[in-house]
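Here is a short briefing on one protein chain. Take a look at the fold and its charged pairs.

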Amino acid sequence: MSNETLFEKIIKRDVPADILYEDVEAIAFKDINPQAPFHVLVCPKVPIKMLSNSTAEDENLLGRLMRIGASLAKDAGFGENFRVVINNGSDAGQTVFHLHLHFLAGRKLVWPPG
Ligand code: AMP
């Protein structure tokens, strides 16, 4: 059985996705089950399992992921109003164990989150 994460399969085009951005180290695509009118996932291509598994070597990459999502939100007209979420671990709601940032926008978001 393959140990590939779902998002590695998306990167390899083995699973289809609505890809909005890609470069050598990152990919961004629409969430299949959007929680807001704009719901984009930004992932590193290297399969870091979760934020708490990242290292100091990943700092630049983590910053790039945030800037990619912010740029996509801006391109979609949500440059000033969006939320960034990382679910780290199953108790926090993580279901795909390949680090990803959720960018949500296009509706009023409440706080605290559920
Ligand atoms: P998390 O629960 O933080 O691990 O987020 C995983 C996200 O991946 C969820 O919001 C899912 O809706 C999303 N997702 C699952 N399968 C796909 C897919 N094939 N294409 C795009 N997004 C997906």
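The notes below cover the sheet, the helix across it and the salt bridges.

This is a predicted model, in which local features need pLDDT of at least 70, side-chain atom pairs count only at pLDDT 80 or more, and totals for chains, interfaces and linings use all residues. Residues are numbered from 1 along each chain as its sequence is written, and side-chain values use heavy atoms, with hydrogens and water left out.

**Sheet**

- An open sheet is built from 5 strands in the order 1-2-3-5-4, with antiparallel pairing.
- Strands are DSSP runs (E, at least two residues), as are helices (H or I, at least four residues), and both are numbered from the N terminus.
- Two strands pair if DSSP finds at least two bridges between them.
- Strand 1 and strand 4 (83-85) are the edge strands, each pairing on one side only.
- From one strand to the next, the twist averages 20°.
- Strand 4 pairs with strand 5 (residues 101-105) in the antiparallel sense, over 3 bridges.
- Val84 stands opposite Phe103 of strand 5.

**Helix on the sheet**

- Helix 2 lies across strand 1, strand 2, strand 3 (38-44) and strand 5.
- Helix 2 runs at about 155° to strand 3.
- Axes are lines fitted to C-alpha atoms, for helices over the stretch in contact (heavy atoms within 4.5 Å); angles run from 0 to 180 degrees between N-to-C directions.

**Salt bridges**

- The whole structure holds 7 salt bridges (a side-chain nitrogen of Lys or Arg within 4 Å of a carboxyl oxygen of Asp or Glu).
- Side chains of opposite charge can pair when their charged atoms come close.
- Asp23 bridges to Arg64, with the closest N and O atoms 2.7 Å apart.
- That pair links distant parts of the chain, 41 residues apart: Asp23 sits in the loop between strand 1 and strand 2, Arg64 in helix 2 (residues 59-75).
- Asp23 is buried at 17% relative accessible area, while Arg64 is partly exposed at 30% (buried is under 20%, exposed over 50%, partly exposed in between; 1.4 Å probe, protein chains only).
- Asp18 bridges to Lys30, with the closest N and O atoms 3.5 Å apart.
- Asp18 lies in the loop between helix 1 (6-11) and strand 1 (19-22), and Lys30 lies in strand 2 (residues 26-30), 12 residues apart.
- Both ends are partly exposed: Asp18 at 40%, Lys30 at 43%.
- Arg13 bridges to Glu22, with the closest N and O atoms 2.7 Å apart.
- Arg13 is partly exposed at 48%, and Glu22 is partly exposed at 33%.
- Glu4, Lys12 and Asp14 are joined in a salt-bridge network.
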